[in-house]
Amino acid sequence: MFDGPKPLVSVKDLKMHFPIYAGFFRRRVGEVKAVDGVSFDIVEGETLGLVGESGCGKSTCGRAVLRLYDITSGSISIDDREIGATPQSDLRTMRPTMQMVFQDPQASLNPRMTVEAIIKEPLDEHTALTEAEKREKVGELMDAVGLNRKFAKRYPHAFSGGQRQRIGIARALALNPKFIVCDEPIAALDVSIQAQVVNLLEDLQEKFGLTYLFISHDLSMVRHIATRVAVMYLGKVVELAPREALYRDPLHPYTKALLSAVPEPDPSLATAKERIILQGDVPSPSNPPNGCNFCTRCPSVMDICTKVEPDYREVQPGRYTACHLYNDTAG
Ligand code: SF4
């Protein structure tokens, strides 16, 4: 998909459907198509932003890529290992390579463990380091994320939200991962400290050569951190493009609407910007529309859109979208 260096992460036609059970006998009556045929690559050292409104499937997608779920179908290759169908018990050896930073540091840290114990836990599970070596490593990790080593014996409640997220990041870094899924890592933080955490993630990326899948509904923040951006709607990626191209000239009608709602920092451009208000609600992922899944809300909808699902394909070099408007240019 991506012409250039070999991808570290390659996801093809990933589906994550959750069954719906109902009635006295708990029969399966349908499924929620949370992720429905998503494909993307992430090159070593880059940040792929994954954006979309809440409920579009982006967090489920991130968790599925790390195999926190048993996926419905598709292939996931990370660091040359296909893990789409690997049994959970065999994934343990891969866990050090791939890690996750969660949205809510409060919920993801055990309140009964000290910071040292929290950061040390992956080292206990996956390494043969001595206790002294592990303590030293914890100290180094605390330095790397900007936490004072003196606080290693304190509990998570003694820290602010931003500091707790730093603890979560230190823990994610403990086993020298190559790939980190950052799932809305700043959404639960005060606006005043969001930028600090994003800057920290950027610094760590440079220092340790990390590759990120950065999941967020905040398009301004994604513009700041991402190399390329994928836009999700109702379980599918509808557009993927290099950052600047996407923000300057979005192709898919949904991307255009999303970006029209982002405040423009340049006042001379702000007045020229027209806000696109989408009509209607996002359909249920258990009952998506026929044809294009955006056809019920698209300002450019055509006859074909309600009948034929548009292919997701490269319509300009490095730019992918799924929309009938670009069928002629696809070549
Ligand atoms: Fe809109 Fe049709 Fe394109 Fe879907 S395929 S985004 S409905 S124009």
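Take Lys58: does this residue count as buried or exposed, and at what relative accessibility?

Analyst: Lys58 counts as buried, at 5% relative accessibility. Keep in mind that this is a predicted model. The cut-off for buried is under 20% relative accessible area, so Lys58, at 5%, falls in that class.

Start with its surroundings. Lys58 belongs to helix α1. Just after α1 comes Arg67, which takes a positive phi of about 60°. Lys58 also has a counterpart elsewhere in the sequence: its C-alpha atom is 8.5 Å from that of Ala34, although 24 residues separate the two along the chain.

Side chains of opposite charge can pair when their charged atoms come close. Both residues sit in helix α4, residues 115-126, and are 4 residues apart, about one turn of the helix. An α-helix has 3.6 residues a turn, so residues three or four places apart point the same way. Asp124 counts as partly exposed, at 36% relative accessibility.

In total, the structure holds 21 salt bridges. Some of them link separate elements. Arg223 pairs with Glu244, with 3.8 Å between the closest N and O atoms. Here the pair connects distant parts of the chain: Arg223 lies in helix α8 (residues 219-225) and Glu244 in helix α9 (residues 243-248), 21 residues apart. Arg223 is partly exposed at 33%, and Glu244 is partly exposed at 39%.

Asp249 and Arg319 make another such pair, again 3.8 Å from N to O. Asp249 is in the loop between α9 and α10 (253-260), while Arg319 is in strand β12 (residues 319-321), so this bridge ties together parts that are 70 residues apart in sequence. Asp249 is partly exposed at 37%. Arg319 is buried at 4%. Lys120 and Asp124 come back here as well: salt bridges with shared partners join them with Glu131 and Lys134 into one network.

Strand β12 holds another residue to look at, Thr321. Thr321 is buried, with a relative accessible area of 1%. A polar atom of its side chain lies 2.7 Å from the backbone oxygen of Val238.

Last, the ligand. The space taken by the ligand is the largest cavity. Its shell has 9 nonpolar and 3 polar residues, and no charged ones. Cysteines around the ligand include Cys292, Cys295, Cys298, Cys305 and Cys323. His252, Pro253, Phe294, Ser300, Pro310, His324 and Leu325 are also among the residues around it.

Terms used: Residues are numbered from 1 along each chain as its sequence is written. This is a predicted model: local features need pLDDT of at least 70, side-chain atom pairs count only at pLDDT 80 or more; totals for chains, interfaces and linings use all residues. Side-chain values use heavy atoms; hydrogens and water are left out. A residue is near a molecule or strand if one of its heavy atoms lies within 4 Å of it. On a 1 Å grid over the protein atoms alone, a cavity is a set of points where a 1.4 Å probe fits but cannot get out, and a pocket is an open set with protein on both sides within 12 Å along at least five of seven lines; lining residues have an atom within 4 Å of a point. A molecule sits in a cavity or pocket if more than half of its atoms lie within 2 Å of its grid points. Ala, Val, Leu, Ile, Met, Phe, Trp, Tyr, Cys and Pro count as nonpolar, Asp, Glu, Lys and Arg as charged, and the others, Gly among them, as polar. A salt bridge is a side-chain nitrogen of Lys or Arg within 4 Å of a carboxyl oxygen of Asp or Glu. Helices (H or I, at least four residues) and strands (E, at least two) are DSSP runs, numbered from the N terminus. Buried means under 20% relative accessible area, exposed over 50%, partly exposed in between (1.4 Å probe, protein chains only). A polar contact is a pair of N or O atoms within 3.5 Å; within protein, one must be able to donate a hydrogen and the other to accept it, and residues adjacent in sequence count only if both atoms are side-chain atoms.
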